[in-house]
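These are my notebook entries on a structure that I looked through element by element.

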Amino acid sequence: MSLKVNNPRNIHGVISYKRSFGDLNDIQLVAARTHGIIPLNSREKAESLKGQLMEIRDNEHYSLDSLTHSLPYLVPRASSLLDSIGLVFLDSLESKGLNPNKIVVTSVLRTKDDVKKLRRRNGNASENSAHFYGTTFDVSWKRFRKVEDPDGRPSEDVSADTLKLVLSEVLRDMREANKCYVKYELKQGCFHITVR
């Protein structure tokens with residue numbers, strides 16, 4: 001089979017990641033407290049909130065990372081936003097002549113115990129985190145998962161830099177539509193996103 005090559009077009013990204021995605025923790029916390037759950041002390045408590053939280057799993061729109069310091073749960077409103085971001089990202093890649101890749105979710109719901117452990121190795125982990133509320137998730141801007149062709153046709157890779165540009169366009173549009181707040185995290189290599 002012939003290689004499915006990229007035919008890139010209309011890829012612009014944003015002028016500045018920091019300026020375009022500067023929604024600080026204070027702003028995100030207001031939305032998180034409005035739309036989220038009461039923060040949990042431990043992972044065991046999350047099991048009792050199954051009615052308020054939706055479990056998220058790898059699907060056709062996004063992939064989950066190993067989630068060593070968080071649980072794969074979001075409030076329905078945030079779960080729907082994550083699905084939309086993944087779907088629009090895939091549609092954008094197709095319209096821009098790029099082979100399909102899925103976004104990678106690197107962090108979701110955190111308990112207070114999770115944050116205590118995480119703060120030992122990540123100075124950005126806030127003791128007053130929007131991740132406590134089930135409204136917030138992180139999406140990597142340097143790692144993506146290539147979607148293999150169902151017929152086994154090989155496809156050309158898309159660089160992480162190009163994928164980041166397309167993802168930034170998607171997030172800018174969602175942010176401008178008042179669907180979410182976004183913070184560009186340079187050291188952690190992710191976009192920190194809270195549903196509005």
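Which residue in β5 is the bridge partner of Asn101? I looked it up and found that the partner of Asn101 in β5 is Lys146.

**Ground rules.** I note that this is a predicted model, in which local features need pLDDT of at least 70 and side-chain atom pairs count only at pLDDT 80 or more, while totals for chains, interfaces and linings use all residues. Residues are numbered from 1 along each chain as its sequence is written, and side-chain values use heavy atoms, with hydrogens and water left out.

**Entry on the sheet.** I took helices (H or I, at least four residues) and strands (E, at least two) as DSSP runs, numbered from the N terminus, and I counted two strands as paired if DSSP finds at least two bridges between them. With these terms I found an open sheet of five strands in the order β2-β4-β5-β7-β6, with mixed pairing. Strands β2 (62–64) and β6 (180–185) stand at the edges and have a single partner strand each, so one side of each is left without a neighbour in the sheet. Strands β4 (residues 101–107) and β5 (residues 136–146) run antiparallel and are joined by five bridges; besides the pair in my opening question, I noted that Ile103 has Phe144 as its bridge partner in β5. Strand β5 also pairs with β7 in the antiparallel sense over five bridges, and there I saw Thr136 opposite Thr194 of β7.

**Entry on the helices.** For angles I used axes, which are lines fitted to C-alpha atoms (for helices over the stretch in contact), with angles from 0 to 180 degrees between N-to-C directions; contact means heavy atoms within 4.5 Å. Helix α2 (residues 25–35) lies across β5, β6 and β7 (190–195), and runs at about 45° to β7. Helix α4 (residues 76–95) packs on the sheet as well, where it touches β2, β4, β5, β6 and β7, and its direction makes about 150° with that of β4.

I then asked which residues make the contact between α4 and α6. Among them are Leu81, Ile85 and Phe89 of α4, and Leu163, Leu167 and Met174 of α6. Helix α4 and helix α6 (residues 160–176) pack at an angle of about 130°, with their axes 10 Å apart.

**Entry on the cysteines.** Taking a disulfide as a pair of cysteine sulfur atoms within 2.5 Å, I counted zero disulfides. Buried means under 20% relative accessible area, exposed over 50% and partly exposed in between (1.4 Å probe, protein chains only). Cys180 is buried because its relative accessible area is 0%, and Cys190 is buried too, at 4%.

**Entry on Leu82.** Leu82 has its place in helix α4. Is Leu82 buried or exposed? Leu82 is buried, as its relative accessible area is 0%. Leaving aside neighbours within four places in sequence, I found Leu82 in contact with Ile56, Tyr62, Leu74, Ile103, Val105 and Phe137. Leu82 and Ile56 are 26 residues apart in sequence, yet their C-alpha atoms are 9.4 Å apart in space.
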